[in-house]
Amino acid sequence: MRLSIIFLTSYALLAAGPAVAHDNHSHAVNQETAIHSPADGSKTASMDIVAAHIHTEGNVVTFHMTTNGVAGADTPEPVGEIAGATVWSYVWPTTLDPSLVGFEEGAGILAMAATNHPDFDDTPLYDENLDGDLGNDGGVWHSHWVVLTPNEACGPGALAVKDIPENTTPRLPATWPGFPILLDSPGFTPVFDGPEITIRAAIKGDAVGVSYDGVTSALKVNKSIHAPLLCVTDVFDVASGDLSLPGTIE
């Protein structure tokens, strides 16, 4: 089983291509069909979205976002334990069906996210900081597929990463990291190029015509480690301004 997971992951990484920076002309802000957002000097520059864009070629989907500062430059402060830990993220919510990446059909809002959380590691197959330890890399930016759903327990109108109820066995991707939420750790490496963050991901199926948006946000792990486990607690910026998903994947 372990070898099968590693094989599937290696195939996905090959499909996504090498983690190399792109030239400035490929930045989201230079794409006519991107969701463009005015810069706001009152926001943290690295989390202030200027443009968000998604395009596809075959089964490879490219998620990218231009910020008003150096993307990835700011990260959350550690709290010393997983309970109450903060997660910072660049997120692309989509109308892609979660079944395209291994979750149950219609499970919720499928989003690609690049996250950073120094208090815990949720990519058990990967050694992102290359120190020989697979379990200490949460503070290095890494990718996830997440399924988001509204959850009033997180606050009025708030979203959470969907919990897996006890004694249930939903369909999960092969690279699910074992947390009791609909979270996948596919190993697609975020690439940073000045104000730009890019993730290239492989999916099963066609993404052309799918709607999307861009968000920068903070999430927090529940201090009691009970449902909801991971709530969106702060939204730094939304590319569309209202999370209306006005973008269309090309």
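Contact here means heavy atoms within 4.5 Å. This is a predicted model, in which local features need pLDDT of at least 70 and side-chain atom pairs count only at pLDDT 80 or more, while totals for chains, interfaces and linings use all residues. Residues are numbered from 1 along each chain as its sequence is written, and side-chain values use heavy atoms, with hydrogens and water left out.

M112 touches F63, Y90, V91, W92, S143, H144, W145, F188, I199 and A201, residues up to four places away in sequence not being counted. A nonpolar core is a set of buried Ala, Val, Leu, Ile, Met, Phe, Trp, Tyr and Cys residues joined through side-chain atoms within 4.5 Å; buried means under 20% relative accessible area, exposed over 50%, partly exposed in between (1.4 Å probe, protein chains only). The largest such core has 37 residues, and F63, Y90, W92, M112 and W145 have the most contacts inside it.

Ring pairs link F63, W92 and W145 into a cluster. Rings of Phe, Tyr and Trp (its six-membered ring) pair if their centres lie within 6.5 Å; planes under 30 degrees apart count as stacked, over 60 as edge-to-face and the rest as tilted. The structure holds six aromatic pairs. The rings of F120 and F179 have centres 6.0 Å apart and planes at 45°, so this pair is tilted. Both F120 and F179 are buried.

F236 is buried because its relative accessible area is 18%. Leaving aside neighbours within four places in sequence, F236 is in contact with K43, M47, W88, T216, S217 and A218. F236 and A218 are 18 residues apart in sequence and 7.5 Å apart in space, C-alpha to C-alpha.
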